[in-house]
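This briefing covers salt bridges and strand pairing in one protein model. The points below are grouped by topic and can be read beside the sequence and the coordinates.

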Amino acid sequence: MSDLDYRRGLHDLGDGCHAWLQPDGSWGWSNAGLVTGSGTSLLVDTLFDLPLTREMLEGLRPVTDTHPLGTLVNTHSDPDHINGNELVAARDVEILASAAAAELITQETVDAVAQVVRLDGTLGDFARHIFGPFALDGITATGADRTFTGEESVDVGGREVRLIQVGPAHTPGDAIVHVPDARLLYAGDILFVGGTPIAWAGPIDRWIAALDLILDLDVTVIVPGHGPVSGKPEVSLMREYLVTVQTQARQRYEDGLDVDAAIASIELGEFAELPEHGRLAQNVLNVYQQLDPSVPRPDRLTVLTKIAALEGFAPDTFTQATASPTS
């Protein structure tokens, strides 16, 4: 699909598969998917808040009125993919997630994101910049009814949908959703298109392996967690970004640079102009932590402070956030 197809709302991908897209794909603006079978359908992910999820569920009605929702699959535990779960659960829809993802879908996690936008100072300003459009209060964390590890096959009205756990990568419990007969894949946040990926969990080696798995699958249409509907060239491009960061970070570690010096000296080349380029801070930190487990593991607020610095929301010197951590 071309850039002209990247518009908000429902997209018919053919073969009974659909995407719900949310430009511009930056922080919180995630995608969802819908797979239909005989008399039923499977939803891939919900959205960051209840109003957006209600809008999506209403927008899906031309399909779900004749193919009622029977299953919801959460590709991972980040709030922008699970915060609308309660609205789907109210319809007696079974929710599936990997065991590692399900463990992290907690009220504490949901509330922590709502709290960060109320912080003072630079971090609060940055949080309001990226999360300000969303209604993050009053959300009830709603986790999985059933979990899986490895692979799981789901019958959707006589149609096979494969769930493949590929995390830890972006998060501890990432899974991709493969529709073999449509040659289509919902990649969750294993794929970012037009933006910078962020390795909250890693190792990056495992994320690269997940992208290699996608490249080996017989698929032609890939719905990313963020960005326009794409194909294998976009998978290869994101793989190149991760390899670039990993290679350069490893070299700087071997040269004796500390994490902050490595972040400041990485040369991203063609990837330097990607939106959310400040996520480099977490990606380099992830490489260092894999090479040396004694490297400190700062909480997400501290990481967001580093990201804000790289994106012009703070001085170049990295500061320690003092508020309680998000997950």
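Two strands count as paired if DSSP finds at least two bridges between them. The model is predicted. In it, strands S5 and S6 (residues 94-98) pair in the parallel sense, with 3 bridges. The structure also holds 13 salt bridges, and three of these are described below, including Arg-183 with Asp-218.

**Strand S5 and its partners**

- Strand S4 (residues 40-44) runs parallel to S5, and 4 bridges join the two.
- Leu-43 has Leu-72 in S5 as its bridge partner.
- Leu-72 in turn has a bridge partner in S6, namely Ile-95.
- S5 is mostly covered, as 4 of its 5 residues are buried.

**Arg-300 and Asp-78**

- The side chains of Arg-300 and Asp-78 form a salt bridge, with an N to O distance of 3.9 Å.
- This pair links distant parts of the chain, 222 residues apart.
- Arg-300 belongs to helix H11 (residues 300-310), while Asp-78 is in the loop between strand S5 (69-73) and helix H3 (85-89).
- Asp-78 counts as buried because its relative accessibility is 9%, and the cut-off for buried is under 20%.

**Arg-183 and Asp-218**

- A salt bridge with an N to O distance of 2.9 Å joins the side chains of Arg-183 and Asp-218.
- Arg-183 is partly exposed, at 38% relative accessibility.
- Asp-218 is also partly exposed, with a value of 49%.

**The network at Glu-58, Arg-61 and Asp-65**

- Salt bridges that share partners join Glu-58, Arg-61 and Asp-65 into one network.
- Glu-58 is partly exposed, and its relative accessible area is 46%.
- Arg-61 is partly exposed as well, with a relative accessible area of 38%.

Technical notes:
Residues are numbered from 1 along each chain as its sequence is written. This is a predicted model: local features need pLDDT of at least 70, side-chain atom pairs count only at pLDDT 80 or more; totals for chains, interfaces and linings use all residues. Side-chain values use heavy atoms; hydrogens and water are left out. A salt bridge is a side-chain nitrogen of Lys or Arg within 4 Å of a carboxyl oxygen of Asp or Glu. Buried means under 20% relative accessible area, exposed over 50%, partly exposed in between (1.4 Å probe, protein chains only).
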